[in-house]
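Okay everyone, thanks for coming. Let me put the structure up, and then I'll walk you through a few spots in it.

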Amino acid sequence: MRKYMSIKKSVLIILCFYAFVAINIFADSTYEAEEQKNVLFISSYTENFMTVPDQIQGIKFIFEPYPINLDIEYMDSKRIDTKEHKQLFYQMLKNKLNNLTPYDAVIVGDDNALQFAMDYQQSLFKDLPIVFFCINDFDRARVAAKSNHITGLVEAVSLKETIEIAQKFNPLAKKVVAIIDNTLTGKGDKEQFYNTKDHFKTLTFEDLNVSNYTFKEFEMILQEIEEDTILLYLSMFQDKTEKAISIDEAVEILKSNTKVPVYRASIGGVGTGLLGGKMISYFEQGKSAAQIIIDVFDGVPIESIEVVLESPNKYIFDYDIIKKYNINEQLIPDDAVLINRKPTFFQQYKTMLIIMFLIITFFVLVIFFIIRDNIRRRAIERALQESHEELTTLYEELTATEEELRSQYNEIQRYTEKLENLQQKYEIAIKGTNSAVWEMNLENKKLYFSKEVSNILNRSIQENEDVNLVLEQFLLPEDRALLVKNYTEVINGTKQEIYTQVRIKDQEGNLKWLLVSGKHLTNLGGRLKFINGIVLDITKFKEQEAYIEHLAFHDSLTHLPNRIYFMNKLKEELEQAKKGAVLLLDLDNFKEINDILGHTYGDMVLQEVAKRLNNCVDQKMFISRFGGDEFLILIYDEGDSKITDHYINKIRHALKTALAIKEEEIHIHYSMGITRYPHDSNEANQLIMNADTAMYKVKNLGKNNHMFFDHKMTENLREKAYISAILRKALREEGFILMYQPQVCVETGEVVGFEALLRLKDHSIGPNLFIPIAEEAGLIIEIGRWVTKEAIRQIACWRERGFGLKPVAINFSTKQLRDDKYLDFLEKMLNDNKVDPKYLEIEITESILLERKEDTTSFLNELKLKGVKIALDDFGTGYSSLSYLTFMPVDKIKLDKSLSDRFLEMENIKVMDSIISLVHSLKLQVTAEGIEEVEQYRRLKIGGCDYIQGYLFSKPLKVEEIEKVYNYNYVETIK
């Protein structure tokens, strides 16, 4: 009965243990708070941005067990980043805070949201704990953390770790190629990419800039990448035609044109064609931020929580790509996430299997306790039997002892030989690394050196030397103090080893660098008795390190400081609240030098310009190469504009005389933008942007000059951005309309055709303003196609309504020459609407003939072959129109209004008659534009002009108004 009760108690104990385990496995712990907490999460994106859902899930994962209410507000500043929009968001949030239950904490999920919280901390979130995460700007994070109420974690891209795992996957890789572009993101990616170069001595670092090619050209380049390359996708948003694509479109190009795996360290593309890498986990970032909030609610002071500088990044790979390229799965980190991998049987049924295991284990243990007594009895019997067998075998073992001793003797002999070999290898290693062994006796303070130390010091040294004498004799004072400090820390037990770099002067007075390392040894009583170590000559490594540092901060072509060096200098100036000026100098028409004379010649020009600029440097001037043909110049302590003018004149004088390159003289012109700090800004990147803005203003005004930055320039940029946004919205939402102005036959007065003129439906912005902006923003190709489609559709519509067909003219921009598929598009529109090409007329200006003459001529000839009419618009505003008329395939000449205003006066009428006669002699028709007076019409009729267009007869009209005058005779109204 007692034995049964013992078994019963054991079973109950096991049941309690498994119940405890099950509860801990299947139940989360709960946070018992006295009252519900309210937390506000602010994001500058929207809920549709790809990173935001992961951030929110991470936060909710931590908050779920707690009585915490999470509210979310979206700034949407990634799409609308203006002061007005930010102010509206502030007012909206302030109104909510005044009318809702107060918040207990705030979480911000990106740089813009953090800056908003910093700007309005006092007015909106006074004394509230604020936790940030997913922050790219480390400087902003450091500034924010200075507040006693703000902390968080930053977002660091794991480029180094991604390249390391790629090198493991492909040990034969010889180089790393990064895909970048010329966007601001691409430039930042390129800088981060090359900052990791020093970690990989065996790999060559290169970049592929998609902005130097069209996307079609880039596809061909991708197809040529060999298997010895690690291909890293960073930025691929815009090609050289300024065509933009999304990340999904970029992934489609990459996976269709590469024969090597494509690595990625940022979100997007993994699971749809890219292999992946060590990537930022926005879910983990959200968890970490939420956990800090929980810690604060638990009573941890927020000012005691340090900013987390290490991102909780994870390795994420596409399992399909792993299989596609036969990558060894054993090389994949254990904690990596594998997308597209089917779960194993255990992963699918993990919970059920654990429960079954616990049940089975329980029954096994019950059975175990029931039969335990039986097993014990049998064990005793077995032990007696084994004891007898052991006595039997003991004699046999004694017999074998002699043979075993003989074997041990032979083994000792072999170990002796191994020790001799190790001694030889030790001597080889010591000589090969130019190092020596040392030992310090802590009892008598004596140092022992191996004989190789004389080769390092270039002088002999006693076998046993007093430590103080050695330090005094060989080391520099400051290094001697450092080594003594290390030694003291080892003696006191605060450090485990000595590891420090010191400098010595050898017998010839040469400075050498030594690495001194060592560890302590204790006796049987645990007392320190010796310190043993090695001393290694690292002079060559230090020289290489200095050379590499020079390369990191200097341009390899001109040997000037590079952009990184310049930015460090500028930030030092700004941190010390000094005054100064930043000058951005760009060589005019440098691309033509490279295209005509070659890049080698262009490099020599850059070297000579750098040399002349460097000759201007003094204590108040710092020059660096910004990149390409741009140079950044820093003027220190500029408290007076006269100082800046002095250096501007100094630069002008330096570049005034011609450069002598390969026995040829070349005159250099440049455009220079100037901004002052802190007058214009106290932020480094903003100052660069200011100088760049001023420089491009000089370019637009004719080049070869300089200009100081003015905030009105930024206003002009904002206005362009505003109009550009209107145009983009108009393309998306049918915000354009075509107006039609009649073209009247001079002889009959009948309407013979129309010119289609583009207008905005809901904005009174003229085409003279929005067309140049559309061309600059790269929208003119899409707008041009819309105009073509709408004009052809209207011709077909008039035909269906019973109107007799008349030609419609549309304007063609020089920028539309970049639309390689325009002719195919035009032919499809004509065929789809069943419109004869002769009813479409394309008006070009003389400026289009200056763009790629051979391509332009070919384009116009193809239009003629399709049957489309061509008119030369704005005739008389250029300088070489007459010469073009002899070979360009045009059908009609449209005289600019300025010609009519000037040459239809009686004293100049013969000039107009001569122009019309000349055009007719070339078998071309003539249309006079901008005619507003009856007398002008009469004189043109006498001169033989074919057609008239202008306000005399009609302004541009909407479609319904045009149909009223479609067959109208205008001449009868003025007789």
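This is a predicted model: local features need pLDDT of at least 70, side-chain atom pairs count only at pLDDT 80 or more; totals for chains, interfaces and linings use all residues.

Let's begin with an open sheet: five strands, paired in parallel, in the order E2-E1-E3-E4-E5. At its edges sit strand E2 (68–74) and strand E5 (150–154), and each of those pairs on one side only. Going from one strand to the next, the twist averages 20°.

Now zoom in on two neighbours in that order. Strand E3 (residues 105–108) and strand E4 (residues 130–135) run parallel and are joined by three bridges. If you want a place to look, find Val 106, which stands opposite Ile 130 in E4. There's a helix here too: H11 (residues 282–297) lies across strand E1 (37–43), E2, E3, E4 and E5, and runs at about 165° to E4.

The mean pLDDT of the protein chain is 84, with 86% of its residues at 70 or more. Two stretches need care, though. Over residues 1–5 the pLDDT stays under 50, and the model has one contact beyond four places in sequence for them. Residues 14–31 also stay under 50, but for those the model has 19 such contacts.

Next stop, Lys 892, in strand E31 (residues 892–895). Is this lysine buried or exposed? Lys 892 counts as buried, because its relative accessible area is 7% and the cut-off for buried is under 20%. And what does its side chain make a polar contact with? The partner is the side chain of Glu 841, at 3.1 Å.

Most residues other than glycine have a negative phi, and most peptide bonds are trans. Here are some that go the other way.

- Glu 242 has a positive phi, near 70°. This residue lies in the loop between strand E8 (229–233) and helix H10 (247–257), and it is partly exposed at 42% relative accessibility.
- Ala 577 has a positive phi as well, near 55°. Look for Ala 577 in the loop between helix H19 (563–575) and strand E19 (580–587); it is exposed, with a relative accessible area of 65%.
- The peptide bond from Tyr 677 to Pro 678 is cis, its omega being near 0°. Pro 678 is in the loop between strand E24 (670–677) and helix H23 (684–700).

That's my tour, thanks!

Methods:
Residues are numbered from 1 along each chain as its sequence is written. Side-chain values use heavy atoms; hydrogens and water are left out. Helices (H or I, at least four residues) and strands (E, at least two) are DSSP runs, numbered from the N terminus. Buried means under 20% relative accessible area, exposed over 50%, partly exposed in between (1.4 Å probe, protein chains only). A polar contact is a pair of N or O atoms within 3.5 Å; within protein, one must be able to donate a hydrogen and the other to accept it, and residues adjacent in sequence count only if both atoms are side-chain atoms. pLDDT is the predictor's confidence in each residue, from 0 to 100. Contact means heavy atoms within 4.5 Å. Two strands pair if DSSP finds at least two bridges between them. Axes are lines fitted to C-alpha atoms, for helices over the stretch in contact, and angles run from 0 to 180 degrees between N-to-C directions.
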